[in-house]
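Below is a brisk tour of one protein model. Keep the coordinates open while reading.

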Amino acid sequence: MTSPSNRGAPVSTEPRINDRIRVPEVRLVGPNGEQVGIVRIEDALRLAQEADLDLVEVAAQARPPVCKLMDYGKFKYETAQKARESRRNQQLTVIKEQKLRPKIDPHDYQTKKGHVARFLSHGNKVKVTIMFRGREQSRPELGYRLLQKLAEDVAELGFVESNPKQDGRNMIMVLAPHKNIKPRVVKHDDDDAPEADTASDEA
């Protein structure tokens with residue numbers, strides 16, 4: 001039964017090392033992964049001391065527990081470095097948005113198409129929205145044809161992930177980059193968790 005003084009105390013995830021391993025015998029693994037076999041805890045600790053290494057419990061649930069000879073300080077440092085590197089190089093798929101009018105003039109279309117191509121080339125998905133106003137709502141085929149043309153114009157960089165569909169006064173299509181286009185690497189501070197990023201470009 002847990003004593004009142006221990007209630008709410010954090011559970012340690014650190015493995016037991018050296019004198020904190022309190023069992024009569026262990027299954028010992030050498031520093032290079034070699035199997036030494038089952039030895040008394042006194043002998044395992046002596047071998048660790050002679051090799052100037054730590055005795056680290058790596059499988060506490062085994063019977064007897066599995067322990068390994070290693071430099072525990074170096075092991076912890078390398079593990080922390082790998083975790084930081086993994087967070088630093090976290091790759092995120094960002095969803096950008098590009099809005100167009102069904103009767104867009106050629107120059108504006110080229111500008112918008114350039115934005116979409118740039119987003120896709122950075123490995124981002126693009127939500128393309130056609131905005132209908134007034135009588136334009138009775139001509140949805142204008143928006144559909146425009147979205148088809150845009151998809152064809154950027155086909156080398158991306159593909160239609162979600163086909164054009166009407167959403168109130170708007171028509172929406174989602175483009176995704178081809179798999180050979182890598183998402184941009186988003187760097188984070190060591191202690192920051194990666195967050196989803198949604199951006200809109202109405203230029």
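## The sheet and its pairings

Strand 3 and strand 4 (residues 66-70) pair antiparallel over 5 bridges. Within this pairing, Glu57 stands opposite Cys67 of strand 4. The model is predicted.

Strand 1 and strand 2 also run antiparallel, joined by 5 bridges. Val26 has Val39 in strand 2 as its bridge partner. These two strands form a hairpin with 5 residues between them. Gly33 sits in the turn, with a positive phi of about 90°.

In the open sheet of 4 strands, the order is 2-1-4-3 and the pairing is mixed. Strand 2 and strand 3 (54-59) are the edge strands, each pairing on one side only. On average, neighbouring strands are turned by 35° against each other, direction ignored. Helix 1 (residues 41-50) packs on the sheet. Helix 1 touches strand 1 (25-29), strand 2, strand 3 and strand 4, and its direction makes about 125° with that of strand 2.

## Val36 on strand 2

Val36 belongs to strand 2 (residues 35-40). Its relative accessibility is 43%, so Val36 counts as partly exposed. Leaving aside neighbours within four places in sequence, Val36 contacts Leu28, Val29 and Gly30. Val36 and Lys68 are 32 residues apart in sequence, and their C-alpha atoms are 9.6 Å apart.

## Nonpolar cores

The largest nonpolar core has 18 residues. Leu100, Val116, Val126, Val128, Ile130 and Leu175 touch the most other members. Helix 3 (106-121), strand 6 (125-131), helix 4 (140-153) and strand 8 (170-177) each supply at least two residues of this core. Another core, of 11 residues, lies apart from it; among its members are Ile21, Leu28, Val39 and Cys67.

Which residues does Val128 touch, not counting those up to four places away in sequence? They are Gln98, Leu100, Leu147, Leu150, Met171, Ile172, Met173 and Leu175.

## Salt bridges

The model has 9 salt bridges. One of them joins Lys125 and Glu161, at 3.0 Å from N to O. This pair links distant parts of the chain: Lys125 is in strand 6, Glu161 is in strand 7 (residues 158-167), and they are 36 residues apart. Lys125 counts as partly exposed because its relative accessibility is 23%. Glu161 is partly exposed too, with a relative accessible area of 42%.

Arg40 bridges to Asp43, with the closest N and O atoms 3.4 Å apart. Asp43 has 22% relative accessibility, so it counts as partly exposed. Arg46 bridges to Glu50, with the closest N and O atoms 3.3 Å apart. Arg46 and Glu50 are separated by about one helical turn, because they lie 4 residues apart in helix 1. Arg46 is partly exposed at 39% relative accessibility. Glu50 is exposed, at 57% relative accessible area.

## Confidence

The average pLDDT is 83, and 80% of the residues score at least 70. Residues 1-5 have pLDDT below 50, and this stretch has 2 contacts in the model beyond near neighbours in sequence. Residues 185-203 also have pLDDT below 50; this stretch has 41 contacts in the model beyond near neighbours in sequence.

Conventions
Residues are numbered from 1 along each chain as its sequence is written. This is a predicted model: local features need pLDDT of at least 70, side-chain atom pairs count only at pLDDT 80 or more; totals for chains, interfaces and linings use all residues. Side-chain values use heavy atoms; hydrogens and water are left out. Buried means under 20% relative accessible area, exposed over 50%, partly exposed in between (1.4 Å probe, protein chains only). Contact means heavy atoms within 4.5 Å. A nonpolar core is a set of buried Ala, Val, Leu, Ile, Met, Phe, Trp, Tyr and Cys residues joined through side-chain atoms within 4.5 Å. Two strands pair if DSSP finds at least two bridges between them. Axes are lines fitted to C-alpha atoms, for helices over the stretch in contact, and angles run from 0 to 180 degrees between N-to-C directions. pLDDT is the predictor's confidence in each residue, from 0 to 100. A salt bridge is a side-chain nitrogen of Lys or Arg within 4 Å of a carboxyl oxygen of Asp or Glu.
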